[in-house]
Amino acid sequence: MSTTPEPMSLRHVLTAPTEPASVRLARETAEMTYAEWGIEATHPTMGPALLILSELVTNSVRHAAVASPSLTVTFAAGEYTLAFAVHDRHPYHPGVVPSRTGGLAVVAELLAEHGGTCALRRDADGGGKSVWITLPL
């Protein structure tokens with residue numbers, strides 16, 4: 001198996017207010033975007049992906065809204081991989097993402113169960129971060 005990351009030639013970006021309604025908006029946008037790219041809602045990866053996405057957007061809404069009036073979700077896909085990132089401008093950066101305890105435990109379990117990965121990328125100015133998720137198709 002290659003250790004070279006797969007190119008993600010398909011991309012779509014959603015910017016939304018950091019408020020509860022954005023959780024549903026992110027899920028609906030994911031379903032529509034991935035379906036346009038040929039990854040239907042019935043694909044086995046979509047259920048876990050949507051749950052992880054919901055958890056990450058909910059975390060931004062709960063913990064970052066004061067410092068980050070909007071959040072950005074970047075959707076991406078390649079031939080064998082589905083990916084997305086949730087970005088907010090809150091300066092808090094979890095040390096280990098996701099952890100096996102706390103609010104991201106569900107994310108950690110789903111990633112482990114489905115062979116996915118998670119990476120935390122800090123903004124260059126330290127004022128925000130993106131949590132990138134990849135899941136194999």
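I took contact as heavy atoms within 4.5 Å. Helices (H or I, at least four residues) and strands (E, at least two) are DSSP runs, numbered from the N terminus.

I noted the basis of the work: the model is predicted, local features need pLDDT of at least 70, side-chain atom pairs count only at pLDDT 80 or more, and totals for chains, interfaces and linings use all residues. Residues are numbered from 1 along each chain as its sequence is written, and side-chain values use heavy atoms, with hydrogens and water left out.

**Entry 1. Overall layout**

I recorded three helices and five strands in the protein chain. Read from the N terminus, the order of elements is β-α-α-β-β-α-β-β. The chain has 137 residues, of which 46% count as buried. For burial I used relative accessible area: buried is under 20%, exposed is over 50%, and partly exposed lies in between (1.4 Å probe, protein chains only). Among contacts in the chain with a separation of 6 or more, 67% are between residues 24 or more positions apart.

**Entry 2. Helix 1 against helix 2**

I then looked up the geometry of this pair. The axes of helix 1 and helix 2 come within 9 Å and cross at roughly 145°. Axes here are lines fitted to C-alpha atoms, for helices over the stretch in contact, and angles run from 0 to 180 degrees between N-to-C directions. The crossing of helix 1 and helix 2 is right-handed. By the convention used, a crossing is left-handed if the near helix is turned anticlockwise from the far one by less than a right angle, and right-handed if clockwise.

Leu53 counts as buried because its relative accessibility is 1%. Not counting residues up to four places away in sequence, Leu53 touches Ala26, Arg27, Ala30, Val73, Phe75, Phe84 and Val86. I also noted 8.6 Å between the C-alpha atoms of Leu53 and Ile133, which are 80 residues apart along the chain.

Between helix 1 and helix 2, I checked Thr45, which lies in the loop. Thr45 is buried at 9% relative accessibility. Leaving aside neighbours within four places in sequence, Thr45 is in contact with Leu82, Leu135, Pro136 and Leu137.

**Entry 3. Helix 2 against helix 3**

How do the axes of helix 2 and helix 3 cross? I found that helix 2 (residues 46-64) and helix 3 (residues 105-114) have axes that come within 10 Å and cross at roughly 155°. Helix 2 is therefore roughly antiparallel to helix 3. For this term, angles over 145 degrees count as roughly antiparallel, under 35 as roughly parallel, 65 to 115 as roughly perpendicular and the rest as oblique. The crossing of helix 2 and helix 3 is left-handed. Pro48, Leu51, Ile52, Glu55 and Leu56 of helix 2 make the contact with Val106, Val107, Leu110, Leu111 and His114 of helix 3.

The buried residues of helix 3 are Ala105, Val107, Ala108, Leu110 and Leu111, and their cover includes helix 2, strand 4 and strand 5. Just after helix 3, I noted that Gly115 takes a positive phi of about 70°.

**Entry 4. Aromatic pairs**

I counted two aromatic pairs. Rings of Phe, Tyr and Trp (its six-membered ring) pair if their centres lie within 6.5 Å; planes under 30 degrees apart count as stacked, over 60 as edge-to-face and the rest as tilted. Tyr34 and Trp37 are edge-to-face, at 5.6 Å centre to centre and 75° between the planes. Tyr34 and Phe75 are also edge-to-face, at 5.8 Å and 90°. Tyr34 lies in helix 1 (residues 21-36) and Phe75 in strand 2 (residues 70-77), so this pair ties together parts 41 residues apart in sequence. Tyr34 and Phe75 are buried, while Trp37 is partly exposed at 22% relative accessibility.

**Entry 5. Asp123**

Where is Asp123 found? I located Asp123 in the loop between strand 4 (117-122) and strand 5 (129-136). Asp123 is buried, with a relative accessible area of 17%. A polar contact of 2.9 Å joins the side chains of Asp123 and His87. A polar contact is a pair of N or O atoms within 3.5 Å; within protein, one must be able to donate a hydrogen and the other to accept it, and residues adjacent in sequence count only if both atoms are side-chain atoms. Beyond neighbours within four places in sequence, Asp123 is in contact with His87, Asp88, Arg89, Gly128 and Lys129.
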